[in-house]
Amino acid sequence: MDERVTYYVDVVLPLHLPQYYTYRVPFEYNDAILVGQRVVVQFGGSKVYSAVVRNVHRQAPDHGNVKYILGILDPQPVVTELQLQFWEWIAQYYMCCVGDVMAVALPSAYRLQSESFVEVHPDFSGEISNLSQNEIKILELLSTKGIAKVSDITKAVNIQKIMPLLKTMIEKKIIIMDEELKQRYTPKIETYLKLSPEYLEADKGRELFDSLEGKASSHKQLEVMLKFMQQTDFGKQSIRKSIFTRDKDLSLSSLKTLIKNGVIVAYDQQESRLIDVDKTQSVNTIKFSDQQQKAFEKIDINNPEAPQITLVHGVTSSGKTELYIKLINEVVKQGKQVLYLLPEIALTAQIINRLRKYFGAKVGVYHSKFSPNERAEVWTKTLNPENGGYQILIGARSAMFLPFSDLGLVIVDEEHDSSFKQYEPAPRYNARDAAIYLAHKCGAKVVLGTATPSVESYFNALSGKYALVEMDKRYGDVLMPEIVVADMRQNDRKGSVKSFFSKMLLDAIGEALQNNEQVILFQNRRGFSLRLECPTCGWIPSCTHCDVSLVYHKQTNSLRCHYCGYSIPVPAECPQCHNTYLKMKGFGTEKIEDELSIVFPEARIERLDLDSVSSGKNKHVDIINRFEDRNIDILVGTQMITKGLDFDNVSVVGIMSADNMISFPDFRAFERSFQQMTQVSGRAGRHNKQGRVIIQTYNPAHQVIDYVLHNDYRAMYHNQITERRVFGYPPYSKLIYLTLKHIDAQVLDKAAAELSFELRKVLAQRVVGPEYPMVSRVRNMYIKNIMIRLEKGFPLGEAKQKISEIAGQILNRKEYSRLRFIPDVDPQ
C-alpha cells in the first residue's frame, strides 16, 4: 500500500452493536493492516477494545471526526475471510449482531474488553522540559500511583478525549499501556538445563569433577553435578528445570552457582500447553461389518458427486464411531481438516482417546473447560495445520468457530441433542444447523450420526434433502438390551417399593454387583430433594428472585435455586405455622446416591451431574475414566450419562422416573423422552452379553414407553410427524420465540401487548401469545413469550426484518428503555 494514502478500516467490536465502526489507519500502519487482524481501538469514552478488521478501504465516512486505531495486535490475520462471512450469516439468521458472534467465537485470550491501564515507560529518561502541561500532569499521577486506569487519568487531567494524548505519549516512549491487557495470550515458557558443551569432552569433565572434589566448599555443587549427570545420561540430554529441582535435598544455591560459572547452561524454550500423543494403531486394523461397509460405500466420501449431507441412523453400539474413523482417515489423506462435534464435554474424553490411537498428534480438542491460553493455542494450531497444526478438531458447539483453512468433513455426533443449541448469551445458534452451513461454504461433506434422529433430520432424509444410511444391528451381532417396565403403581400397592426403588430394580442391581458388573441409574434431576414442604399448611420455600421452589442439596445442607444460584440454610421450622416437621418431596441424583449407599453399603457409588463435575476442570473425565476402569460400581447421573459413552461392563441400566420426561409441557416432550430413554438404554450390554434396562413408571401403558420397549424409532417418528403436520409445528413450520423481560410486571404486560398487536398487523394468525412461561420470573425479571409460527414457504428473511423493525420502534420508547428483547430462531 502507498504509505501516504489515507486508509480506513471497518471493524467488528465484541459488543451488541448493529453495525461496523470505521477508524482511520495511521500512515505507519498502511503496509501492515489486513482484514482479519485484531486492532486496538478506543470506543465509548475511555474504553479500549480489541476489534477485528472487516474491511480496509479509502472511503472516508460522512462524519468528520474519525478516531485512529491505536495499534495492530497481530502480524497476520487470526480470523479468516470465510469465518467473517460465517459470523455475518449467524448474525443475520439468528437475529443478533456480528459483535455477539465475535464475543463467543474468539477465545477470551484474544479479546480485550476492559479498561486499559497505563504506566511510565521503563526506558523514559525523566526529561520533562519538552512536555506539555497535560503530559506532565499524567506523569505526576503515574509517579504517585505507579499504574493508573485511563478513566482515572481522564478525571485527573480533565480532558474527555484523552486517547490521542496518550497515543502521542506512547509514541514518544514516555508511557506504555498494560501489555497483559492488550494481549492476554502468552506462550508457555519452560526453563531447561543442559551441560555446557565444553564439559562434554572427557578431559574437561574429569577436570571439573576433580576440582569440585578437591574443595570442601564445593561439596554441595558436586552432589548437584552427580545428580545432574545421572538424570541427563551423562550430560547428553537436557532436563526441565522444574523436574530437576523437585528433589527437596537438592541445593538450589549450588545449582545457581554452577549456572553462573557456565558449567550448566539454563535456557528458555516455548512449549505447548496441549498434550500431543503418538498414534499406536493403524486405521487398517478396523474390520467393518457388512452394514458398516455398506454405509461407508454409500457415503462415498471421496466422490464430489455424492450427497453433501448424510444422516447415519445406527442403533447404539452399531459401530458408528469406527465408521467415522474410516471416513476421517480418507479426508486426512487428502490433506484436509475434519470437525467432529459432540454435544457434551463429558463425551470428548473417550472419543479423543479412540481417535488419538489412530491419528496421534493430528487430533486437537477445543471446549470451554480449557484455559484461555489453551484455547488460544488450539486456535493458532488450527489456523496453521501445515506447520504441525491440527487436522482433526473435536469439541462441543464452540469448536465450529475455529479458523479452518481447508475443511473437508464435518461430523455431528448425537445430532438430535438439544445441547447443540446455545441459549445464553446471543447468538442463540444451533451448532448442528450452523455447522451444515459452514460445511456448505467450505465445500465439505457432513455426516449426522445418532441412534435417535431428531424428527426434523429424519424428515429431511426421507424427503431427499439428506442421504440416509441405516444400521439396525449391533456390531458383532451383540443382542440389543432386554427392556422391561417396573409398574410403580403395582409396586406401591404390594408395598414392595423401598425408598423409590422397585423390587425388580433392586434385585437386578444386587445381581449385577454379585457378578462384578456395573450399573447406571438415570434421573434427570440433580440435587437431593426437589422441594421441602410443610405438611400442615403447605408452605414451600421458594426463591426470592425467581418463581421456583428451592431444591435441597444434602452435601451443602442448603436449599438452592437452580436458576439464579440463590441459597439459604434449611429452616428449622415452617415460618408460617411454626411446624418443625418439614417433609421432603421428590428425589434427585444426590438422594439416589445417598439411598444406594444404605441399601448397598459395599458398593462404590459415584454421581455424574452438574454439581459433581463443577468442582474441577477435568472432574468429568476422572469420573468416566474410573467407571471405565471398573473402580466405580454404580454410576448415578443426569442426561450427561445418556450420550454416546461406551462401557463394556454395564449389565443393568435403571431409568428412575420415566414420567418426569413424558409429562413435560412441550411439543417435543414425546420425542425427547424416547431419545433419552433409548440412549441411556444403549449403555447396557454393549460388548459380550445382553444387558437389561428397567424403566420405572406409573404409566406403563404410555405410547412412548411402548416404542422404547420395542426400540421402534420409525413408529415414534410417524406418530410425531402426523401430529406436527396437523398442528403446524416443525418441520412443517419455522418457529421464532420472542422473549420480553422487565423488572416491572405491568410495564412488561403493556410492552408485550403492544408488540404482539403490531406484529399481528403484518403476520396475522402466525403470532401466538403473549403469555407467561412456566417460570415467569428469573433473577427478578418478569418474562413473557410470543411465538411466531411461519408455515413453509413464508419468506423467513422478510418476517425477521419486520420483527426487528417493529421491536426496534417499541424499544426506542423511553418507557421501555430497560426492556430486554430476546429473539430465538429455531428454539429447542
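**Figure 1. Strand S29 and its parallel partners in the predicted model.** Val485 has Ile695 as its bridge partner in S29. In this predicted model, strand S19 (residues 482-487) and S29 pair in the parallel sense, and six bridges connect them. S29 is also joined to strand S28 (residues 650-655) by four bridges, again with the two strands running parallel. In that pairing, Val653 has Val693 of S29 as its bridge partner. Strand S29 covers residues 692-697, and because five of its six residues are buried, the strand is largely enclosed by the rest of the structure.

**Figure 2. The open sheet of seven strands.** The strands follow the order S14-S15-S13-S16-S17-S12-S18, and their pairing is parallel. Strand S14 (363-366) and strand S18 (467-471) stand at the edges; each has a single partner strand, so one side of each is left without a neighbour in the sheet. On average, and with direction ignored, neighbouring strands of this sheet are turned by 20° against each other. Within the sheet, strand S13 (residues 337-341) and strand S15 (residues 392-395) run parallel and are joined by four bridges. Val338 stands opposite Ile392 in S15. Helix H15 lies across strand S12 (309-314), S13, S16 and strand S17 (445-450), and runs at about 165° to S16.

**Figure 3. The cis peptide bond at Pro425.** Glu424 and Pro425 are joined by a cis peptide bond, for which omega is about -10°. Pro425 belongs to the loop between strand S16 (407-413) and helix H15 (431-442).

Figure 4. Strand S6 (residues 117-120) pairs with S8 in the antiparallel sense over three bridges. Glu119 has Ile176 of S8 as its bridge partner.

**Figure 5. The packing of helices H23 and H25.** Helix H23 (residues 669-681) packs with helix H25 (residues 713-727) at an angle of about 165°, and their axes are 10 Å apart. Because of this angle, H23 is roughly antiparallel to H25. The crossing in which H23 passes H25 is left-handed. H23 contributes Phe670, Glu671 and Phe674 to the contact, while H25 contributes Tyr713, Met716, Asn719, Gln720 and Arg724. By class, these residues comprise four nonpolar, two polar and two charged ones.

**Figure 6. The cis peptide bond at Pro731.** The bond from Pro730 to Pro731 is cis, with omega near 15°. Pro731 is placed in the loop between H25 and strand S30 (733-742).

**Figure 7. The crossing of helices H26 and H27.** Helix H26 (residues 745-763) and helix H27 (residues 796-811) cross at roughly 145°, and their axes come within 10 Å. H26 passes H27 in a right-handed crossing. On the H26 side the contact is made by Glu754, Leu755, Glu758, Leu759, Val762 and Leu763, and on the H27 side by Ala799, Lys802, Ile803, Ile806, Ala807 and Ile810. By class, the contact has nine nonpolar, no polar and three charged residues.

Figure 8. Asn516, a residue other than glycine, has a positive phi near 60°. This residue is in the loop between helix H18 (503-514) and strand S20 (518-522). Its relative accessibility is 64%, so Asn516 counts as exposed. Asp826, also a residue other than glycine, has a positive phi near 55°. Asp826 is placed in the segment after strand S34 (820-825). With a relative accessible area of 12%, Asp826 is buried.

Conventions
Residues are numbered from 1 along each chain as its sequence is written. This is a predicted model: local features need pLDDT of at least 70, side-chain atom pairs count only at pLDDT 80 or more; totals for chains, interfaces and linings use all residues. Side-chain values use heavy atoms; hydrogens and water are left out. Axes are lines fitted to C-alpha atoms, for helices over the stretch in contact, and angles run from 0 to 180 degrees between N-to-C directions. Angles under 35 degrees count as roughly parallel, over 145 as roughly antiparallel, 65 to 115 as roughly perpendicular and the rest as oblique. A crossing is left-handed if the near helix is turned anticlockwise from the far one by less than a right angle, and right-handed if clockwise. Contact means heavy atoms within 4.5 Å. Ala, Val, Leu, Ile, Met, Phe, Trp, Tyr, Cys and Pro count as nonpolar, Asp, Glu, Lys and Arg as charged, and the others, Gly among them, as polar. Buried means under 20% relative accessible area, exposed over 50%, partly exposed in between (1.4 Å probe, protein chains only). Two strands pair if DSSP finds at least two bridges between them.
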